Amino acid sequence: KMVEVYRASGEIEAQVIKGLLESYDIPCLLSGEAVRNIYGFTVDGLGEVKVMVWESMAEKAKSLIRGNE
């Protein structure tokens, strides 16, 4: 099961987080791309991108995102 570990306000931020996680061998999926690609902006969460990882890797991913290895 995949769980959300971060909610980015745009694609660039989401790609940075994805790159960080993948550099530590944590596969991830970006969710919410369809709405973002249509509108290209974030209003009241409309264009947010969810960063999802496997549940078993969620704590490690959150720790990396916070900057704690």
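**Helix crossing and sheet order**

Trainee: Is the crossing of α1 and α3 left-handed or right-handed?

Mentor: The model is predicted, with pLDDT of at least 70 needed for local features and 80 or more for side-chain atom pairs, while totals for chains, interfaces and linings use all residues. Residues are numbered from 1 along each chain as its sequence is written, and side-chain values use heavy atoms, without hydrogens or water. Helices (H or I, at least four residues) and strands (E, at least two) are DSSP runs numbered from the N terminus. With the near helix turned clockwise from the far one by less than a right angle, the crossing of α1 and α3 is right-handed.

Trainee: How are α1 and α3 oriented to each other?

Mentor: Helix α1 (residues 11-23) packs against α3 (residues 58-66) with axes 10 Å apart, at an angle of about 120°. Axes are fitted to C-alpha atoms, over the stretch in contact for helices, and angles between N-to-C directions run from 0 to 180 degrees. Angles under 35 degrees are roughly parallel, over 145 roughly antiparallel, 65 to 115 roughly perpendicular and the rest oblique, so α1 and α3 are oblique.

Trainee: Which residues of α3 meet Ile17, Leu20 and Leu21 of α1?

Mentor: Contact means heavy atoms within 4.5 Å. Ile17, Leu20 and Leu21 in α1 meet three α3 residues: Ala61, Leu64 and Ile65.

Trainee: What is the order of the strands in the open sheet?

Mentor: Strands pair if DSSP finds at least two bridges; six join β1 to β3, and four join β2 to β3. The edge strands are β1 (2-8) and β2. Pairing is antiparallel, and the order is β1-β3-β2.
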